[in-house]
Amino acid sequence: MSYAPEGQQHQPYRPEGHTPQPPYGDQYGRPYGQPHAHPQGQSPYGEQYGGHPQQQGQPPQGHWEPEQPERPRRRGRRRLIAGVSVLALAGIAAGVMAYYEIPPFTDKGSSVSFGQNGGGKGSGQGGSGAAQQPANSKMLMPTGPAAEFKNSMTLPDGTHVAVTTLDGKKSGFKGKVWVWAPKEYNDPKFAKSGFPVMIALPGGAGYPNNYWMGTDLGLQTSISKWYAEGKSKPFLLAMPVLNPGPDDKGVYWDGSDIPGQPKMGTWLTEDVPDLMKANFRTVKSRDGWAFMGSSTGGFAGMKAVLKHPDKFKAVIASGPDIVPDSSLWKGHDKEKAENNPELLAKQLIDAKGPDVYIAFQVGDNESNKKTLPDVQKFVSTFGNKGPVHTSLRVIPGGQHNAKTYVPNMGEGPIQYISKVMEGPVE
């Protein structure tokens with residue numbers, strides 16, 4: 001559709017100064033060649049040129065000149081301005097709708113299958129998938145049933161952070177788990193490979209969200225970068241809520257099964273791994289399973305590896321507590337001792353294995369001034385004695401926060417655990 005200014009009819013292009021002739025006479029309806037009949041200085045429609053004395057460049061009085069057609073350059077400029085305006089408004093509208101996550105300008109909430117094609121039993125990727133793989137395979141096919149994952153965000157490389165609500169069959173606790181798979185997971189080169197899993201635990205309440213699921217900390221993109229640099233395994237990430245409720249007035253659960261409380265220890269070490277096994281190609285042995293966490297999450301991950309060395313091999317513990325300190329342990333000294341990393345490390349040394357690997361990192365400017373000395377004492381007491389292997393990175397100027405810990409993981413801790421873990425494996 002051709003553009004014309006509002007209220008005007010579009011006129012086709014004509015060479016400048018050329019006046020078209022109507023088919024049956026001139027523009028006033030007279031036969032060609034007859035003189036003008038209207039009074040001097042007045043148009044046939046009664047419009048005056050102005051009645052002023054003739055000025056240079058003005059038409060002589062009594063002489064009428066037809067309106068020249070709009071020039072192509074001006075029309076083109078108006079078309080361009082109109083087009084740019086429409087595009088600008090559309091861009092602003094799309095940006096606003098994307099910001100407020102209004103479809104179709106966002107894919108948040110859309111289903112994510114992670115290559116399962118629906119999963120479930122009988123799909124070849126679900127319940128019957130494990131039976132179809134060779135008995136000597138190091139890889140475990142998804143056991144199913146497939147969970148319902150919804151996209152939480154899409155990363156620049158096209159990978160997805162997705163979320164599901166997990167009804168823990170073993171713990172009895174129901175909560176959210178965010179998951180992420182690196183782009184290599186869907187690479188045809190790795191179509192028959194099982195991937196290592198890292199269960200990433202936050203500090204603080206860790207409820208109702210796990211802050212590792214956000215892209216502002218860059219955990220997912222860092223893992224992809226580290227893998228490309230040869231520093232890291234291409235980990236699958238599981239990011240569950242850490243606690244069953246808000247951390248109100250210092251009440252938290254130590255990632256443990258405290259009597260009379262939700263079984264958060266079982267949730268983290270049984271239900272969350274089962275979710276990953278049900279939906280992803282994973283590593284059969286403990287060599288493909290690790291934790292990472294900061295603060296309370298660092299404590300929970302370290303304690304899980306020391307308590308269940310048959311299931312997990314390594315952990316990156318950033319600024320962790322060393323002993324359980326939840327007020328909910330009151331009156332449950334026996335159970336508290338069973339979740340104490342110092343006692344668990346001693347028991348593992350006495351049992352002579354299996355080997356576990358703990359990569360500590362602590363800032364020298366932590367808010368809790370006891371954190372670094374406590375970690376150093378643990379390393380000197382238990383580290384590299386028998387099956388308990390440790391490394392410690394002290395971060396110059398490092399504070400007690402995830403923004404300190406993520407970039408420094410790439411300076412040692414991620415290499416330390418990646419060297420002892422397996423995956424991708426067939």
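**Side-chain contacts: rings, core and charges**

Let's start with a cluster: ring pairs join F114, F149, Y185, F190, F195 and F280. A pair here means Phe, Tyr or Trp rings (the six-membered one for Trp) with centres within 6.5 Å; planes under 30 degrees apart are stacked, over 60 edge-to-face, and the rest tilted.

Some ground rules. This is a predicted model, where local features need pLDDT of at least 70 and side-chain atom pairs pLDDT 80 or more, while totals for chains, interfaces and linings use all residues. Numbering runs from 1 along each chain as its sequence is written, and side-chain values use heavy atoms, without hydrogens or water.

Back to rings. The structure holds twelve aromatic pairs. Take Y357 and Y416: centres 6.2 Å apart, planes at 65 degrees, so edge-to-face. This pair links distant parts of the chain, with Y357 in strand β11 (residues 356-363) and Y416 in helix α9 (residues 413-418), 59 residues apart. Helices (H or I, at least four residues) and strands (E, at least two) are DSSP runs, numbered from the N terminus. Y357 is buried at 16% relative accessible area. Y416 is partly exposed at 21%. The cut-offs: buried is under 20%, exposed over 50%, partly exposed in between, with a 1.4 Å probe and protein chains only.

Next, F378 and F382. Their centres are 5.0 Å apart and their planes at 50 degrees, so that pair is tilted. They sit four residues apart in helix α7 (residues 371-382), about one helical turn. F378 is buried at 1%, and F382 is buried at 12%.

F378 also touches F360. Leaving aside neighbours within four places in sequence, the contacts of F360 include M302, I322, F378 and L392; contact means heavy atoms within 4.5 Å. F360 is among the residues with the most contacts inside the largest nonpolar core, which has 81 residues. Such a core is a set of buried Ala, Val, Leu, Ile, Met, Phe, Trp, Tyr and Cys residues joined through side-chain atoms within 4.5 Å.

Now charges. How many salt bridges does a search of the whole structure find? Ten. The criterion is a Lys or Arg side-chain nitrogen within 4 Å of an Asp or Glu carboxyl oxygen. K311 bridges to E270, with the closest N and O atoms 2.1 Å apart. K311 lies in the loop between α4 (296-307) and β10 (314-318), and E270 in helix α3 (residues 264-279). D350 and K346 form a salt bridge at 3.2 Å, both in helix α6 (residues 341-351). Finally, shared partners join K170, E270, D274 and K311 into one salt-bridge network.
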